[in-house]
Amino acid sequence: MDPQFFIELAPIFIERIAYGIGLIGVIIIVYGSFSAFYEFCRMLMRKDHKSLQFDDVRQHLMAYMALSLDFFIGKDIIDTFITTSGRE
């Protein structure tokens, strides 16, 4: 096979990997949001309202948001690499 074929195909392949990484970030944040909402509803349904710990729900959501942010940053780094290497 011609090496030029792989050189032309590499940016497309890397862009799809970057898209997949961004999609994983979206899935994580959606799952974390539903999970935190579920915990919030469970907390409201308890009869003992002294046990309302909204900070726990907030920390639960923030952990998922921080993890998804790592994936979004990774995607942006790959996108930046692709766009800057194409200009040179």
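Q: Where is Ser68 found in this predicted model?
A: Ser68 is found in helix α2, which covers residues 54-87.

Q: Why is Ser68 called buried?
A: Buried means under 20% relative accessible area. Ser68 has a relative accessible area of 1%, so Ser68 is buried.

Q: What makes Gly25, Ile28 and Ile29 count as residues that Ser68 touches?
A: A contact means heavy atoms within 4.5 Å. Ser68 touches Gly25, Ile28 and Ile29, leaving aside residues up to four places away in sequence.

Q: How do you know that the side chain of Ser68 makes a polar contact with the backbone oxygen of Met65?
A: The cut-off for such a pair of N or O atoms is 3.5 Å. A polar atom of the Ser68 side chain lies 2.9 Å from the backbone oxygen of Met65, so the pair is within the cut-off.

Q: Why is Leu23 called partly exposed?
A: Partly exposed lies between the limits of 20% for buried and 50% for exposed. Leu23 has a relative accessible area of 41%, so Leu23 is partly exposed. Leu23 is found in helix α1, residues 3-45.

Q: How many helices and strands does the chain have, and what share of its residues count as buried?
A: The chain has two helices and zero strands. Of its 88 residues, 12% count as buried.

How values were computed. Residues numbered from 1 in each chain as written. Predicted model: local features only at pLDDT ≥ 70, side-chain atom pairs only at ≥ 80, totals over all residues. Heavy atoms only, no water. Helix = DSSP H or I, 4+ residues; strand = E, 2+ residues; numbered from the N terminus. Buried < 20%, exposed > 50% of the residue type's maximum accessible area, 1.4 Å probe, protein only. Polar contact = N/O pair within 3.5 Å; in protein donor to acceptor, adjacent residues only side chain to side chain.
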